[in-house]
Amino acid sequence: MKKQSVCPWWLGYTFLIPLRKYQHDPYKILGPHVKQGMTVMDYGSAMGYFSIPLAKLTGSKGRVYCVDIQEKMLVNLKNRAIKHDVSPVINTLLVGKNYNPAELKNKLDFVLLFMVAHEVPDQATLFNDLYAMLKPGGKILFFEPQGHVKPEDFEKSIQLAKAVGFKVPEDKPLKKGLGAFLVK
Ligand SMILES: C[S@@+](CC[C@H](N)C(=O)[O-])C[C@H]1O[C@@H](n2cnc3c(N)ncnc32)[C@H](O)[C@@H]1O
């Protein structure tokens, strides 16, 4: 696989632009999978383009864990959560600080892994941790940016996910791009 690099924090603002919904409509993408009261994770959340809709979909009885490796992304996300009135539902977890997969064993119904896996140096550990945190039957919506990620690298990620135990059904989460569901 290619050498990974983390997108700079200031690029996080570009993921929030309203025009993005024409390509990645959060409610269309997440709505069929996320229900009221669910416990979910937005891994590589950045400033929360998907986290806020996830919090609205899970509702006040749900929980949304937002994981990122850059604190500035999570600080901005927390402010946005207050503005959108969903902060009680959102928990921010910083990799290397308060992100501890062992604490969330068998707790998650759903994980969003959107345009981030290619930035993670050790994908085998990532999939292993996500597998452990999901409940049996829980799933990951896995998506990578086409062009930026080659189909053969996406396929390598799928093989790593299968090796830790995920099943990969035929259906695709988005009509276009490199996507798959990974089911525990
Ligand atoms: C390209 S952005 C995508 C953000 C978001 N998923 C979206 O679609 O709007 C990737 C994000 O993943 C984060 N990231 C990179 N490596 C990570 C890692 N090892 N663990 C957690 N987050 C990571 C980056 O800091 C960045 O916020």
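**View 1. Strands β5 and β6 side by side.** Strand β5 (residues 134-144) runs antiparallel to β6, and 6 bridges join the two; strands pair here if DSSP finds at least two bridges between them. Helices (H or I, at least four residues) and strands (E, at least two) are DSSP runs, numbered from the N terminus. A word on the source: this is a predicted model, in which local features need pLDDT of at least 70, side-chain atom pairs count only at pLDDT 80 or more, and totals for chains, interfaces and linings use all residues. Residues are numbered from 1 along each chain as its sequence is written, and side-chain values use heavy atoms, with hydrogens and water left out. Look for F142, which stands opposite A180 in β6. Strand β6 itself (residues 178-183) is mostly covered, with 5 of its 6 residues buried. Buried means under 20% relative accessible area, exposed over 50%, and partly exposed in between (1.4 Å probe, protein chains only).

**View 2. Helix α3 and its buried face.** Which residues of α3 are buried? They are M73, L74, N76, L77, R80 and A81. Seen down the axis of α3, these buried residues fall within an arc of 160°, so they line one face of the helix; the arc is that of the directions from the helix axis to the C-beta atoms. They pack against α2 (51-58), β2 (63-68) and β3, where contact means heavy atoms within 4.5 Å. On the face turned away from the buried side, you will find the exposed residues I82 and K83. The length of α3 is a handy check: at 1.5 Å a residue, its 13 residues should span 18 Å, and the end C-alpha atoms are 19 Å apart, which agrees. That expected span is 1.5 Å times one less than the number of residues. Just after α3, D85 takes a positive phi of about 65°.

**View 3. A salt bridge between K97 and E71.** The side chains of these two residues meet at 3.9 Å, N to O. A salt bridge is a side-chain nitrogen of Lys or Arg within 4 Å of a carboxyl oxygen of Asp or Glu, and a search of the whole structure finds 3 of them. K97 counts as exposed at 63% relative accessibility, and E71 counts as partly exposed at 45%.

**View 4. A salt bridge between D109 and K135.** Here the side chains meet at 2.9 Å, N to O. D109 lies in strand β4 and K135 in strand β5, so the pair ties together parts that are 26 residues apart in sequence. K135 is partly exposed, with a relative accessible area of 31%.

View 5. K156 forms a salt bridge with D153, and their closest N and O atoms are 3.7 Å apart. Both residues lie in α5, 3 residues apart, about one turn of the helix. An α-helix has 3.6 residues a turn, so residues three or four places apart point the same way. Is D153 buried or exposed? D153 is buried, with a relative accessible area of 10%, whereas K156 counts as partly exposed at 40%. Helix α5 (residues 151-164) is also the place of S157, which counts as buried at 2% relative accessibility. The side chain of S157 makes a polar contact with the side chain of Q123 at 2.6 Å. A polar contact is a pair of N or O atoms within 3.5 Å; within protein, one must be able to donate a hydrogen and the other to accept it, and residues adjacent in sequence count only if both atoms are side-chain atoms.
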